[in-house]
Amino acid sequence: MRHRTTRLAHGGKSYRFDAFDRVRQLNSFPFSPLLVQLEKSSMRSIEEALPTLKRNVSGLESKRLALWKTRKSGMLWVAIALAVGAAGVVTGLALGAPLFIVGLLGVTALIAIGLIAHFAISLPAKSYRTIFKSQFIEPLISSVAEQVRYEPEGQLDMLDQYRASELFTSTIDRYHIEDTIYGKVGETDLMLSEMHTEYKTTSTDSKGQTTTHWHTIFKGIFISADFHKEFRGSTFVRADVAEKTFGVMGRLLQKPVFSSLQLVQLEDPDFEREFVVKASNQVEARFILSTSMMQRMVELKKKFACHVEFSFLHSRMFIAIPTKKNFFEPKLSENLLAPGMLERYLEEIRLLLGVTEDLGLNVRVWGKQ
Amino acid sequence: MYVVIGFLIFVFFAMLFIYNSLVSYRNMADSAASTIEVMLKKRWDLIPNLVAATKGYMEHESTVLAKIASMRSTALSMPLQSSERIESEQQLSSALSPFRIAVESYPDLKASDSFMKLQGALNECEEQISAARRAFNAAVLQYNNSVEMFPHSVIATWFDFKRKAFFEIADSDREVPSVK
């Protein structure tokens, strides 16, 4: 994830947000402008999408080569400017030239290095990243799932979804959102993004100097999806750290204190080992967490190999996947025509969009319309 | 002397705590049982609509279902875990089976919006019954564990807290067939 961050207006605390209205909007027809309704559905197979994509990639590869060439010559010019500058400064000092002249030479060399680094090294990488996402990732996603759209840069709606999930209660002071995918996968409308949310603390040392420390609340993939069953309460499925660490005694720590939520103990031992469930209603929690859903959630956790957490509210399902993997990021030095390159990004897309299939959200045999 | 008084006060409060927790577990189980009752009633209520929606298409199945539906008031008046009640609920479950797979065999039904809605409602109802049954059994397990484990077992014997039976009915946790 790039380290470009956007500060919340008014330090985050006074951010106006009505999560319920937003979620109600998402659940009602017509969907918000974000959730595009199209005719066809479901994901295509990789094999089906590959031939067309491979043709498109050739054009992009020539652009990559040009930018890579610019960057390589930029690096060469930086080296030359560095060498010339250093040689000039050393020679000037050796010949006893006035310090003003030597200093001017040094500063000129540094400015030249800075300009070259910006225009010939940093900019090509940025341009390539933009081109790569709009001309490679976007068509790739459309070819896998026609009804979804992709926005490489932030998408504020995701912050509303994040808050509506109630999975994280810390006040957000800084956040970054990128790679938003939204639309319909099969029968399920879904939104997902790479997100990084942080809160800050300040400390003052003995000299009175104040330092700000940034702490991550969540970093990874955040998903909001329409759940296929209607429900009214709230159910939280969190990683079971207490039971994993302290065994049976850990269960005592799981009991919610000063909360309207109840601890829900389920029958599936694998699921109970991985997760702890707290819900506003015991029956509703079991209605949501059917035996097959529990198995699917355990499998999903294994697939991402991290502490995946879920919440079920407002008839939607929210999934927080704190993965360190940064999805859809290009490398200017990588040949796009190299074997397996296309497949690698396709797998990333399918891994994320496949969550609806993994959790069986496309099975619409219940009363929910 | 003070030690003895202190000990007796401790024992009194411990007994009070155990007694209250047993009552709480029993109430949880009773509350879960009443949820099953509500869900089963909801399922019975859907039957007349289902019979009406499928009459023209599934003569035989509808007749069987209508016959079972006539037992509704008798069935619902019986205690939840009586063998007669369980038997009638199971009869209803088996009579409903053909309707779950009807869409494939009767394409006309597939086009019927009211049938599709009913089928959705029925599936949801079955899933809720299953959830309520699982909640009841979880509550009963917690209650039974308390009744049988020391020191709760002592208080349970004094105040006549008896083990509760788990709720067994036709398994509705099976995979629900796709209607596509």
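What percentage of the 369 residues of chain A count as buried? The figure is 31%, where buried means 20 or more other C-beta atoms within 10 Å of a residue's own, exposed means 12 or fewer, and partly exposed lies in between, with C-beta atoms placed from the backbone.

Before you click on, note that this is a predicted model: local features need pLDDT of at least 70, side-chain atom pairs count only at pLDDT 80 or more, and totals for chains, interfaces and linings use all residues. Residues are numbered from 1 along each chain as its sequence is written, while chains are lettered from A and ligands numbered from 1 in the order in which they are written.

**Stop 1: chain A as a whole**

Colour chain A by secondary structure and you will have 11 helices and 10 strands; these are DSSP runs (helices H or I, at least four residues; strands E, at least two), numbered from the N terminus. Of the contacts between residues at least 6 apart in sequence, 72% join residues at least 24 apart, a contact being two C-beta atoms, placed from the backbone, within 7 Å.

**Stop 2: helix 9 of chain A**

Now select residues 291–304 of chain A, the 14 residues of helix 9. At 1.5 Å a residue they should span 20 Å, and the end C-alpha atoms are 21 Å apart, which agrees; the expected span is 1.5 Å times one less than the number of residues.

Show the side chains of Met293(A), Met294(A), Met297(A) and Lys301(A), which are buried. Looking down the axis of helix 9 of chain A, its buried residues fall within an arc of 105 degrees, so they line one face of the helix; the arc is that of the directions from the helix axis to the C-beta atoms. They pack against strand 6 (235–239), helix 7 (269–274), helix 8 (282–288) and strand 9 (309–313) of chain A. Turn to the other side of helix 9 of chain A for Glu299(A) and Lys302(A), which are exposed.

**Stop 3: two helices of chain B**

Select residues 2–54 (helix 1) and 59–69 (helix 2) of chain B: they pack at an angle of about 160 degrees, with their axes 9 Å apart. That makes helix 1 of chain B roughly antiparallel to helix 2 of chain B (angles over 145 degrees count as such). To see who meets whom, display Leu50(B) and Val51(B), among the helix 1 residues that meet a helix 2 group including Leu65(B) and Ala66(B).

**Last stop: Glu127(B)**

Finally, centre on Glu127(B) in helix 7 (residues 113–148) of chain B. Glu127(B) is buried, with 22 other C-beta atoms within 10 Å.

Definitions and conventions
Axes fitted to C-alpha atoms, helices over the stretch in contact; angles between N-to-C directions. Parallel < 35°, antiparallel > 145°, perpendicular 65-115°, else oblique.
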